Amino acid sequence: MDGKLIIVTAPSGAGKTTIVKRIIAAFPALSFSISATTRPKRDHETEGVDYYFLSPDEFTERVQSGAFVEWEEVYPGKFYGTLKSECERLWHAGKHIIFDVDVKGALSLKNLFPERSLSLFIQPPSIEILRRRLENRKTETPETLATRIARAEMELQFGARFDRIIVNDNLETAVAEAVHAVDKFLLLS
């Protein structure tokens with residue numbers, strides 16, 4: 001298939017998922033790639049809509065059988081990845097795919113599909129603002145917050161490797177920049 005890929009990545013708490021949802025709403029030709037994960041399902045999440053929830057053993061078996069186009073241990077014992085079958089499902093439906101993935105997974109996708117992809121790095125205005133956003137979610141313990149901030153500091157070093165960096169200081173401005181970049185990319189043959 002000749003579908004394109006829109007790869008969106010960011011440190012946790014930078015606004016990536018919100019921006020992805022707004023991009024999807026703007027482009028009917030885009031479909032969201034549902035990632036697989038080993039992390040526990042949250043109360044508001046639905047299997048096959050938000051994620052494909054796999055046990056660690058199932059995930060490992062699929063890695064070994066080559067079922068993923070990319071995968072990563074994002075946090076200790078918490079694996080995430082994109083199944084080949086998910087990409088094929090969307091391309092066979094005639095869709096372009098939008099990904100909401102971690103930084104290393106995004107780089108893997110960009111390397112696999114360099115000519116067919118646009119990669120957007122959503123950057124928080126600062127680590128302190130990112131910390132406040134994560135604290136305001138009220139989903140983090142002091143330990144998980146420290147882990148997320150440490151990972152964000154590492155991930156920010158990769159921003160220059162993406163096609164476009166969008167600083168999410170103002171959500172509406174960031175969404176407008178992202179939508180413009182995607183529109184321009186999808187219009188290219």
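The model being a prediction, local features need pLDDT of at least 70 and side-chain atom pairs count only at pLDDT 80 or more, while totals for chains, interfaces and linings use all residues. Numbering starts from 1 along each chain as its sequence is written, and side-chain values use heavy atoms, with hydrogens and water left out.

Strands come first. Four strands make up an open sheet with mixed pairing, in the order β4-β3-β6-β5. At its edges stand β4 (51-53) and β5 (68-75), each with a single partner strand, so one side of each has no neighbour in the sheet. From one strand to the next, the twist averages 25° (axes are lines fitted to C-alpha atoms, for helices over the stretch in contact, with angles from 0 to 180 degrees between N-to-C directions). One of the paired positions is Y75, whose bridge partner in β6 is K78.

Then there is β8 (residues 117-123), which has six of its seven residues buried, so the rest of the structure largely encloses it. Buried means under 20% relative accessible area, exposed means over 50%, and partly exposed is in between (1.4 Å probe, protein chains only). Strand β1 (residues 5-9) pairs with β8 in the parallel sense over five bridges, and I7 has S119 in β8 as its bridge partner. Strand β9 (residues 164-167) also pairs with β8 in the parallel sense, over four bridges; here F121 stands opposite I165.

Next comes the pocket. On a 1 Å grid over the protein atoms alone, a pocket is an open set of points with protein on both sides within 12 Å along at least five of seven lines, and lining residues have an atom within 4 Å of a point. The largest pocket holds about 1,400 Å³ of space, a volume being the space filled by probe spheres set on the points, which are joined across faces, edges and corners. Its lining counts 43 residues, with T17, R39, R42, Y51 and Y80 nearest the centre. At least two lining residues come from each of α1 (16-26), β5, β6 and α6 (142-156). By type, the lining splits into 14 nonpolar, 13 polar and 16 charged residues (Ala, Val, Leu, Ile, Met, Phe, Trp, Tyr, Cys and Pro count as nonpolar, Asp, Glu, Lys and Arg as charged, and the others, Gly among them, as polar).

Last up are the salt bridges, where a side-chain nitrogen of Lys or Arg is within 4 Å of a carboxyl oxygen of Asp or Glu. The structure has nine of them. In one, K16 and D100 have their closest N and O atoms 3.1 Å apart. This pair links distant parts of the chain, with K16 in helix α1 and D100 in strand β7 (residues 96-100), 84 residues apart. K16 counts as buried at 15% relative accessibility, and D100 does at 14%.

Another salt bridge joins R151 and D102 (3.7 Å, N to O). R151 sits in helix α6 and D102 in the loop between β7 and α4 (103-112), so the pair ties together parts 49 residues apart in sequence. R151 is buried at 11% relative accessibility, and D102 is buried with a relative accessible area of 11%. D102, R151 and E155 are linked in a network of salt bridges.

Note on methods: Two strands pair if DSSP finds at least two bridges between them. On a 1 Å grid over the protein atoms alone, a cavity is a set of points where a 1.4 Å probe fits but cannot get out, and a pocket is an open set with protein on both sides within 12 Å along at least five of seven lines; lining residues have an atom within 4 Å of a point.
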